[in-house]
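This report is meant for someone meeting the structure for the first time.

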Amino acid sequence: AYVPAALISKRVGDTDADAILNRGNPYHLIHQADEYSIPGNDNKNRLLHTRDENFPYTQSQTALAVHLIRLLSIGYGLGTHLAAWGIFQLLWPDNALRRVLAVAIAALWPQFIFMSSVINTDGLTYCLFTVSLYMALRQALNGFTWRDSIWLGVALGAALLTKASSLMLAGPVGLAILLNGRRVWKYGVVTLVLAVGIGGWWYVR
């Protein structure tokens, strides 16, 4: 998650970042727990912002970089929902209403909407986690193929690089392989080799 954001920041620049970060809001009460808990008394802006940071952000490299990275987060959120839609299609191929309701619940979840609008390291994890589940479920239901096994390995490996919690994917992916017996072990080996090759080095370094 850091690499795409770093590439954007490097390309756009952030020469005014220190000036913005040093412009703190004296009325931000995050460090005053008692007062911060009072509704209406919790000033949301930790920093003071100027007109230099207004659209189209030509006067602030940092503001432009921040908004581009936030667009990246929105892209991760969209990818998560597309993969979720794929999962629901596999689960309920003959029930369009159930698929729509399921994806609507996921898409309209307030915390997910918020997290998809800000810079964070979780959005890419959600996306890759959901894609991995989709690929595993598709193979379990429709049969294993070399192409799907390769893409599953890539998604798993990338997910492992984003968060250690992605190790939980070993459960559903392993179950999908076990339920199909020995005839699919070769596909599982391909998936495992790719996942470990892409993301495993981070855990043994």
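## Terms and basis

A residue counts as buried when its relative accessible area is under 20%, as exposed when that area is over 50%, and as partly exposed in between, with a 1.4 Å probe and protein chains only. By that definition Trp201, with a relative accessible area of 44%, is partly exposed.

The model is predicted, and local features need pLDDT of at least 70, while side-chain atom pairs count only at pLDDT 80 or more and totals for chains, interfaces and linings use all residues. Residues are numbered from 1 along each chain as its sequence is written, and side-chain values use heavy atoms, with hydrogens and water left out.

## A nonpolar patch on the surface

Trp201 is found in helix H10, where helices are DSSP runs (H or I, at least four residues) numbered from the N terminus, strands being runs of E with at least two residues. Together with Leu161, Leu167, Trp202, Tyr203 and Val204, Trp201 forms a nonpolar patch on the surface, and the accessible area of these residues together is about 610 Å². Such areas come from the Shrake-Rupley method with a 1.4 Å probe, and for residues only the protein chains shown count as cover.

Patches are made of residues with over 30% relative accessible area and no salt bridge, like charges being joined within 9 Å and nonpolar side chains (Val, Leu, Ile, Met, Phe, Trp, Tyr) within 5 Å. Helix H10, which spans residues 185–204, gives the largest share of this patch, namely 4 residues.

## The nonpolar interior

In soluble globular proteins, nonpolar side chains tend to be buried together. A nonpolar core is here a set of buried Ala, Val, Leu, Ile, Met, Phe, Trp, Tyr and Cys residues joined through side-chain atoms within 4.5 Å. The largest such core has 18 residues, and those with the most contacts inside it are Phe88, Tyr134, Leu152, Leu156 and Val173. Two or more residues of this core come from each of helix H4 (61–91), helix H5 (96–107), helix H7 (122–142) and helix H8 (146–162). Apart from it lies another core, of 5 residues, including Ile8, Val12, Ala65 and Ile69.

Contact means heavy atoms within 4.5 Å. When residues up to four places away in sequence are not counted, Leu156 touches Ser132, Leu169, Val173, Thr191 and Ala195. Gly77, whose place is in helix H4, counts as buried at 5% relative accessibility, and with the sequence neighbours up to four places away again left out, Gly77 touches Phe112 and Ser116. The C-alpha atoms of Gly77 and Ile113 are separated by 8.0 Å, although these residues are 36 residues apart along the chain.

## Aromatic pairs

The structure holds 6 aromatic pairs. Rings of Phe, Tyr and Trp (its six-membered ring) pair if their centres lie within 6.5 Å, and planes under 30 degrees apart count as stacked, over 60 as edge-to-face and the rest as tilted. Phe88 and Trp92 form a stacked pair, with 5.7 Å centre to centre and 20° between the planes; Phe88 is buried, with a relative accessible area of 15%, whereas Trp92 is partly exposed at 25%.

Trp146 and Tyr187 form a tilted pair, with 4.5 Å centre to centre and 50° between the planes. Because Trp146 lies in helix H8 and Tyr187 in helix H10, the pair ties together parts that are 41 residues apart in sequence. Ring pairs link Trp146 and Tyr187 with Phe144 into a cluster.

## Salt bridges

There are 3 salt bridges in the structure, a salt bridge being a side-chain nitrogen of Lys or Arg within 4 Å of a carboxyl oxygen of Asp or Glu. In one of them, Glu53 is joined to Arg23, the closest N and O atoms being 2.7 Å apart. Glu53 lies in the loop between helix H3 (33–36) and H4 and Arg23 in the loop between helix H2 (17–21) and H3, so this pair ties together parts that are 30 residues apart in sequence.

Arg138 forms a salt bridge with Asp148, with the closest N and O atoms 2.4 Å apart. Arg138 is partly exposed, with a relative accessible area of 24%, whereas Asp148 counts as buried at 7% relative accessibility. Asp122 forms a salt bridge with Lys163, with 3.2 Å between the closest N and O atoms.
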